[in-house]
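Here are my notes on this model, as numbered points. Please read them with the structure open.

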Amino acid sequence: MTLRFTAAYHTSPGLRAQNDDVVGMVAPDEPELSTKGMLAAVADGVSGSDGGREAAESIVSDLLEDYYGLPAARDVGQALKNTIQTINRRLNKRGAARSPRGGMATTLTALVLHENFYHFSHVGDSRLYRLRDEELTQLTVDHVLDNTKHKHVLTRAVGLDLQLAIDQGMGPLAVGDIFLLATDGVWSFLPEHELSWHLSELIGDKRSAEGTAKLLVDAALAAGSKDNLSALVVRIDRLPAEEPSPT
């Protein structure tokens, strides 16, 4: 058997004229699904930089293309990290040539589902959540500075510096796991119990993946979000057969 999942996303400019959020995913056929896995990503271009939207477009499109252009790797997480670091260097150089005041910068949260495991790479304040057995867990940590002088200032972003520190994580998958990748326009306006409730609509197909992603965006708008909003949801429907233990 092969990995089976249900996935969809929704993105909106919200009340802003331009949408600096970019969302993308690749769900390849076999044999690439078994060798590389499924890759999903969300990015939120930093509005304080001149090329935030362009940076978000570049990191998502280049990541989806470059990752699948690699030879099959034994270490999926390392392959994902190396790809992001290469793209970061390109963005940083383009941004420095374009403008001395901020250049091109973006957040990034990327998820790979490969065989019986999930792998993620993360920079910035977009987030990855997992709903398992009715318990919602935030798998990423926000890279922001919040104090009396600075409110929600990003301390890390793709394209900001030549040397990029990337948070990495992995874990086993379970049938029924639901993952959410979301930008701050969504998660900062919906408490975790509400995120959990909306995601639980995917259980038993009470709502489609497309409908769930749109519902999250619409709920954040109704709660007062004035930012760009993006939500990508993935449900694990079947895991590959376990390899028999050697005798």
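1. The largest cavity has a volume of about 40 Å³. A cavity is a set of points on a 1 Å grid over the protein atoms alone where a 1.4 Å probe fits but cannot get out. Volume is the space filled by probe spheres set on the points, which are joined across faces, edges and corners. The search of the whole structure finds 1 cavity of 30 Å³ or more.

2. This is a predicted model: local features need pLDDT of at least 70, side-chain atom pairs count only at pLDDT 80 or more, and totals for chains, interfaces and linings use all residues. Numbering starts from 1 along each chain as its sequence is written, and side-chain values use heavy atoms, without hydrogens and water.

3. What lines the largest cavity? Thr35, Lys36, Tyr67, Leu70, Pro71, Ala73, Val76 and Ala79 do (lining residues have an atom within 4 Å of a point). By class, 6 are nonpolar, 1 is polar and 1 is charged.

4. Helix α2 (residues 52–69) packs with helix α3 (residues 76–98) at about 145 degrees, axes 10 Å apart. Tyr67 of α2 and Val76 and Ala79 of α3 are among the residues in contact (heavy atoms within 4.5 Å). The contact divides into 10 nonpolar, 2 polar and 6 charged residues.

5. The largest pocket has a volume of about 300 Å³ (a pocket is an open set with protein on both sides within 12 Å along at least five of seven lines). Of its 17 lining residues, Val46, Ser47, Asp125, Leu154 and Asp184 are the closest to its centre. The lining has 5 nonpolar, 6 polar and 6 charged residues.

Note on methods: Ala, Val, Leu, Ile, Met, Phe, Trp, Tyr, Cys and Pro count as nonpolar, Asp, Glu, Lys and Arg as charged, and the others, Gly among them, as polar. Axes are lines fitted to C-alpha atoms, for helices over the stretch in contact, and angles run from 0 to 180 degrees between N-to-C directions. Helices (H or I, at least four residues) and strands (E, at least two) are DSSP runs, numbered from the N terminus.
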